[in-house]
Amino acid sequence: MIPTETWVLPRPRPDAYPGGFPLHFEKKLWRLMGEPEKVLHPFGGLAEIGDWVDVNPTTAPTWVGDAHDMNWIKDDSYDLVILDPPYDDEMSEALYGTGALRYGEYTREAVRVCKPGGHVAIYHWVMTPRPKGCRLVRRIVILTRVWHRPRVCMIYEKMTTAALR
């Protein structure tokens, strides 16, 4: 049985950044995952922990770039990769002026830069499919306030080479 829990968190964060996590989500997830040393946010926004990638340079990301292709980051570099993409192409265009989202590409990149035994957390409004080379280890349902959609954080563990055989 996959552990599933529900968090009720305030929304929004004080900065009200469009598409940002609910208040306390990021730090609570980081603590739940054992306070990993190396954390990456490929859809960075205003991440509070670790490194982040963002197409918007005004958020002062570690790298300005696209989560679909992070070729400047070495394989197996991060303990935890947190994906918080726009939830559909229309939202991506409206909020950030970016093109179509390609789930297979950005999750493949997240898994590539995650260390074996590390975790890829995908924050979305739906339960997301398991990225190749990973196994589902936990689900978190996030509720914020009335008349707002719940979110789901699916947490996957990157399998080691031996486990893939």
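**Ring pairs and salt bridges in the predicted model**

Arg 138 is partly exposed, with a relative accessible area of 23%; here buried means under 20% relative accessible area, exposed means over 50%, and partly exposed lies in between (1.4 Å probe, protein chains only). The structure is a predicted model, in which local features need pLDDT of at least 70 and side-chain atom pairs count only at pLDDT 80 or more, while totals for chains, interfaces and linings use all residues. Residues are numbered from 1 along each chain as its sequence is written, and side-chain values use heavy atoms, with hydrogens and water left out.

Glu 5 and Arg 138 form a salt bridge whose closest N and O atoms are 2.9 Å apart, where a salt bridge is a side-chain nitrogen of Lys or Arg within 4 Å of a carboxyl oxygen of Asp or Glu. This pair links distant parts of the chain, since Glu 5 is in strand β1 and Arg 138 in strand β7 (residues 134-143), 133 residues apart. Helices (H or I, at least four residues) and strands (E, at least two) are DSSP runs, numbered from the N terminus. Glu 5 is partly exposed, at 23% relative accessible area. The count of salt bridges comes to 8.

Asp 75, Glu 109 and Arg 112 are linked in a network of salt bridges. Between Arg 112 and Asp 75, the closest N and O atoms are 2.7 Å apart.

Turning to the aromatic residues, a search of the whole structure finds 7 aromatic pairs. Rings of Phe, Tyr and Trp (its six-membered ring) pair if their centres lie within 6.5 Å; planes under 30 degrees apart count as stacked, over 60 as edge-to-face and the rest as tilted. One of the pairs joins Phe 21 and Tyr 123, with ring centres 5.1 Å apart and planes at 85°, so this pair is edge-to-face. Phe 21 lies in the loop between β1 (4-8) and α1 (25-32) and Tyr 123 in strand β6 (residues 114-124), so the pair ties together parts that are 102 residues apart in sequence. Both Phe 21 and Tyr 123 are buried. They also belong to a cluster in which ring pairs link Trp 7, Phe 21, Phe 25 and Tyr 123.

Tyr 103 and Tyr 106 form an edge-to-face pair too, at 5.5 Å centre to centre and 75° between the planes. Both lie in helix α3 (residues 103-113), 3 residues apart, about one turn of the helix. Tyr 106 is buried at 2% relative accessible area, while Tyr 103 counts as partly exposed at 24%.

Finally, charges and rings come together. Lys 38 lies over the face of Tyr 78, at 4.5 Å from the ring centre, and Arg 149 lies over the face of Trp 125, at 4.0 Å from the ring centre. A charge sits over a ring if NZ of Lys or CZ of Arg is within 6 Å of the ring centre and within 35 degrees of the ring normal.
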